[in-house]
Amino acid sequence: MKLRVQYTAQLRAVVGRAEEVVELSEGGNLAELLNLLADSHSTARPHLVTEVGQVRPSLLIVVNDSAVSAREAAKTVLYSDDIVTLLPPIAGG
Amino acid sequence: MRDLPELTPDERGRYEWQLSVRDFGEEGQRRLKNATVLVSRIGGVGGSAAMQLAAAGIGRLILVHAGNVRLNDLNRQLLMTTDWIGKPRVESAVRRLHELNPHVEIETVAENVNDSNVADLVSRCDVVVSAAPLFSERLLMNREAVRQQKPLVDSAMYELEGRLTTIIADQTPCLSCLYPEPPPNWKREFPVFAAVASTVGSLAAMEVIKLIAGVGEPLASRMLTFDLRDMTFRTVPIARQPDCPVCGA
């Protein structure tokens, strides 16, 4: 199935694009998607997952219009045409 | 209303255009005059928030920021001026804010928020604007604001993007719910324009005004994200984390 992934802030800078369409196996979940993205974009890996492949706790994730925490990622099944927005932490200055 | 400070004739004239704002009025203005707002760092975001709050007639501002004005502050830190390079940022800020509104009482702290000063600073304000560039400061300010049950407006930016949420203890997620750990590879210096910083700062100031005056709906349990590259604005719902070490939802 095809999903749309939107990158923001530093993630957009390291991935080099604002959005892409990603192919994920039917029934795949959010944690699997993030590990797939980490494999595709090695410079983005530290923003997406930890050293042991768990979803980075500080990454804000929005699936369609709902925020999903890192701990819920493995239980969050994705569907065709879902839009996943990834928001790494940003600050002031 | 009787406990709120009266407006002087000069203040009535100065705030004439906002006194007629629906649900605000004279009581809202007197609430602002009676309030103290703590601004953690007065750079691009916090400085713009402080400027908007001074214009609106906040009674007292506590401005917290260490260091002297540097040349590369000036693309976004609108309270700093070229002739003040090498001199304390907080002094530049007081000068600029008092040029705008001499009625505002301003206390300056020429250091950044740290373990030693955070409890005292938060105890002396009604609302916090959190605009520091370092997550250690932001998480510390969040922890103390939640502990003392003070509302905190968390404001952030990157490149052409901005984010904002209002944290209210026991009601909304706190910053640690959203970011339980400092992010990896965070760089203190990042790309941004003043126009982005000022947009975030102005939105933060509006949240503060709403909270103090009781106008509108605060950005509670929601995060505003915007991207000025394509002028997209959206709010997404955010949730408390049951095992958050700070707010213990």
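The lining of the largest cavity holds five nonpolar residues, one polar and two charged. Here Ala, Val, Leu, Ile, Met, Phe, Trp, Tyr, Cys and Pro count as nonpolar, Asp, Glu, Lys and Arg as charged, and the others, Gly among them, as polar. This is a predicted model, in which totals for chains, interfaces and linings use all residues. Residues are numbered from 1 along each chain as its sequence is written, and chains are lettered from A in the order in which they are written.

Select the lining: Ile90(A), Asp154(B), Ala156(B), Arg163(B), Leu164(B), Thr165(B), Tyr179(B) and Met223(B). On a 1 Å grid over the protein atoms alone, a cavity is a set of points where a 1.4 Å probe fits but cannot get out, and lining residues have an atom within 4 Å of a point. The volume is about 40 Å³, the space filled by probe spheres set on the points, which are joined across faces, edges and corners.

Next, colour β5 (152-158) and β6 (161-167) of chain B; each supplies at least two lining residues. The largest share, three residues, comes from β6(B). Strands (E, at least two residues) and helices (H or I, at least four) are DSSP runs, numbered from the N terminus.

Trace β-α-β-α-α-β-β-β from the N terminus. That comes to three helices and five strands. Its C-alpha atoms fill a box of roughly 40 × 25 × 25 Å along the principal axes.

Finish with burial. Of the 93 residues in chain A, 57% are buried, meaning under 20% relative accessible area with a 1.4 Å probe, protein chains only.

Technical notes
Predicted model: local features only at pLDDT ≥ 70, side-chain atom pairs only at ≥ 80, totals over all residues. Heavy atoms only, no water. 1 Å grid on protein atoms, 1.4 Å probe; cavity = no way out; pocket = protein on both sides within 12 Å on 5 of 7 lines; lining within 4 Å. Buried < 20%, exposed > 50% of the residue type's maximum accessible area, 1.4 Å probe, protein only.
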